[in-house]
Amino acid sequence: MKRSSPLAVPGGESGLAVADENSPPLGKMGQARLLHWATRALKAILPPIAAVALALLVSAALLAFNGFPATDVFTIMVTGVFHDVRSTSEVLLKATPLILIGVGLCVAFRCSIWNIGAEGQLYAGAIAATAVGVSFAGLPAWLHIALILAAGAAAGAFWAAIAGLLRIFFNASEIVTTIMLNYIAIILTDFLVTGPLKDPAASYPQSAKFLRDLWLLRFLPPTRLHIGILIAVALAVAAYVFLFRSSAGYAVRVVGINPHAARYAGINVPKNILLAIAISGAMAGLAGAVEIDGVTFRLYQDISPGYGFEAIAVALLANNNPLGAIFSGILFAALRSGSELMQINAQVPQVLVFVIQGLVILSVVGFAAFKRQTARPAE
Amino acid sequence: MQNVVHLSFAVTTVAAAWRLATPIVFAAIGETISERAGVINIGVEGIMLLGAFTGFATVFATQDLWFGFAAAIGAGLLAGLLFAFFSITIKANQIVVGAALNLLGLGLTSFLFRTYFVSTGQGVQIAPALDIPILSDIPYIGPAFFRQNALVYSTVLVVVAARFLLRRTAFGLTLRAVGEHPKAVDVAGLSVSLYRYCAVLIGSALAAVGGAYLTLAHANQFVEAMTSGRGFIALAVVVFARWSPVGAFFVSLLFGLFYALQLVLQAEPNLGVPYQALQALPYVVTIIALVVVRNRTDAPSMLGVPYRKA
């Protein structure tokens, strides 16, 4: 049951791991099939759980080492995060952009495109969504909302496609270009909210507020939870189907595993690279639009606390599987909520969450390597 | 008279560019050595932050600049060891490990800064300017160029040393071979991993010094995320300079010039350009630089590929 490694570089070790991702052998008896799926799910879930546990353990040690009561801190975190409907809904609210971006990054990473620029693509989407949201008065609300979301996705895809095209035509590393585009998008946002998009009535640099009619539907009042989370889950399923059940998604994955083999097989490599990075950009841009239209209702400079970077860890923890990204997105959102509680109740600086994220990534790759080693006794 | 004003303006801007380029020179030379051995470390940004914070905290406690830089190098070596273990020993994807290192660097330094220093608000004594005798008395050029702190001068030494190391020593030649054709090195009976570990450790130590420059020679304070992308710019510098240390020095100077111009122009009140356009300049230039060098045949051929014995 070897899964294609998400961490394989092109031309790396796992050249043949594509075929057995889908289509498990269909057992004649339902019971055997159930057992098969259960062991498969268990095998998929255990390493990430162990990785998160290890990361939390190291963080606890760090806290204890610096004089914080580590066990109390984690008790506050665990009991506080899913304490009641309100706190749970806040976790899901934070999970929404993480799932959206994480799902997009699954597609890019499966194609071995290292899009580190989701943060900038989120801002590009937020800018476009705001521009559409504060203009076109008089449109029917449903159409206006659809336009806001579409503009966000299109702008995110455009921002990512810049890096994709530079990679294809100039062989410019998308790692560096996407990071630079992050800075440029955030500086652009700063320019717009102090200039062209600034609300003349406001003293802070921010855009005008969206009309109430345009807000995304809240389906669990009195909580702030909006339909963005449902959109995110639906798109995660769609991305899974695309990646693992469609020939277009298969082509994307083959390019990611071995671009040379893909070319020999008649797959258009540049087209797939552009497609994968544009999908990830569109998802990040949509996340920006959803944040604007569901949470902040206006644009300002710090609308994202680093969702675009956190989503990298979300995708990796999910083994670049969009369905897994739903759960890892919720997990990271819970960690973020928990770190806020730590700050409020135990005076632990909230930035600890970055340490936890970094540790999660390291332990995920550590466990993956361990699995690789045990899987090849021949070496 | 007008010409003299222009001359002194140009000279001070170029001298400021040298100062502003210094942290990038250290990081870029380090990354050049690492990438020449086939290891791409995008965690430079995080390592620079670790160096900046460790240097600051040490000088804060001991009031000794030498201890400060030594501690920064120590922190850089530890971070490099972590990176090397994951990317070389257990052969994890170098980009992913580098991204984790950036998160760790940002998170750890901000966490420790908020825990121990945020309320103090005190700075530290920074590295003093060293006047070079005779040269510093040359009109215009002297005060601008030859009254810098020791680290700014040392960028020239680091470049020369790196060039000598990579081109004239057996160690350096083998190190480059490890980046081009590790199998040949392996067959010759030398350890590919050992050379890659050395390259990564040299690279991360230099990146940490570049970070420490920010707190111990540039500003006298630590600020969260104060590297603001310099580590990533160093990555672009390496590509633009085609993996040459001397090239990396001059490309870094070019970026320093953009930082300097940005500062000069921001002080200009009626420029007609929003200041954000100037802020974005180094990042836009980085992208343009990558487009200009489209021919990447100089890249070490095994860059980013873990070595596995057949």
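This is a predicted model: local features need pLDDT of at least 70, side-chain atom pairs count only at pLDDT 80 or more; totals for chains, interfaces and linings use all residues.
**Cysteines**

- A disulfide is a covalent bond that joins the sulfur atoms of two cysteines.
- How many disulfides does the structure hold over all chains? The count is 0.
- C106(A) is in no disulfide, and its nearest cysteine sulfur belongs to C111(A), 13 Å away.
- C106(A) counts as buried because its relative accessibility is 0%, and buried means under 20%.
- C111(A) is buried too, with 3% relative accessibility.

**Where chain B meets chain A**

- On the chain B side, 46 residues are in contact with 45 residues of chain A.
- Chain B and chain A bury about 4,000 Å² between them, and 77% of that is on carbon and sulfur atoms.
- Which helices of chain B each supply at least two residues to the side that touches chain A? They are α3 (65–89), α4 (94–116), α10 (230–240) and α12 (275–292).
- The biggest giver is α4(B), with 15 residues on that side of chain B.
- Sorted by class, the side of chain B that touches chain A has 29 nonpolar, 10 polar and 7 charged residues.
- Between chain B and chain A there are 0 salt bridges.
- Polar contacts do turn up across this interface: 5 residue pairs, with both residues at pLDDT 80 or more.

**Salt bridges**

- Searching the whole structure turns up 6 salt bridges over all chains. Here are some of them, each with its two partners in chain A.
- E90(A) and R224(A) pair up through their side chains, with N and O 3.0 Å apart.
- E90(A) is in helix α3 (residues 85–110) of chain A, while R224(A) is in the loop between α6 (174–194) and α7 (228–245), so this pair ties together parts that are 134 residues apart in sequence.
- Are the two partners buried or exposed? E90(A) is buried at 15% relative accessibility, whereas R224(A) is partly exposed at 34%.
- R167(A) and E174(A) make another salt bridge, and their closest N and O atoms are 3.0 Å apart.
- In that pair, R167(A) is partly exposed, with a relative accessible area of 25%, but E174(A) is buried, at 5%.
- D199(A) and R298(A) also form a salt bridge, at 3.8 Å from N to O.
- D199(A) belongs to the loop between α6 and α7 of chain A and R298(A) to the loop between α10 (269–296) and α11 (307–317), so their link joins parts 99 residues apart in sequence.
- D199(A) is buried at 14% relative accessibility, and R298(A) is buried at 17%.

**Residues to look up**

- A72(B) is part of helix α3 of chain B, and its relative accessibility of 0% makes it buried.
- Setting aside residues up to four places away in sequence, A72(B) touches G51(B), T54(B), G55(B), A208(B) and A212(B).
- A72(B) and L253(B) are 181 residues apart along the chain, and their C-alpha atoms are separated by 23 Å.
- T286(B) is in helix α12 of chain B, and with a relative accessible area of 0%, T286(B) is buried.
- Which residues does T286(B) touch, not counting those up to four places away in sequence? They are V176(A) and M180(A) in chain A, plus I233(B), A236(B) and F255(B) in chain B.
- S339(A) is found in helix α12 (residues 322–346) of chain A, where S339(A) is buried with a relative accessible area of 1%.
- The side chain of S339(A) reaches the backbone oxygen of R336(A) at 2.7 Å.
- Leaving out neighbours within four places in sequence, S339(A) is in contact with Q350(A) and V353(A).

Technical notes: Residues are numbered from 1 along each chain as its sequence is written. Chains are lettered from A and ligands numbered from 1 in the order in which they are written. Side-chain values use heavy atoms; hydrogens and water are left out. A disulfide is a pair of cysteine sulfur atoms within 2.5 Å. Buried means under 20% relative accessible area, exposed over 50%, partly exposed in between (1.4 Å probe, protein chains only). Contact means heavy atoms within 4.5 Å. Buried area is the accessible area (1.4 Å probe) that two parts lose on being put together, summed over both. A salt bridge is a side-chain nitrogen of Lys or Arg within 4 Å of a carboxyl oxygen of Asp or Glu. A polar contact is a pair of N or O atoms within 3.5 Å; within protein, one must be able to donate a hydrogen and the other to accept it, and residues adjacent in sequence count only if both atoms are side-chain atoms. Helices (H or I, at least four residues) and strands (E, at least two) are DSSP runs, numbered from the N terminus. Ala, Val, Leu, Ile, Met, Phe, Trp, Tyr, Cys and Pro count as nonpolar, Asp, Glu, Lys and Arg as charged, and the others, Gly among them, as polar.
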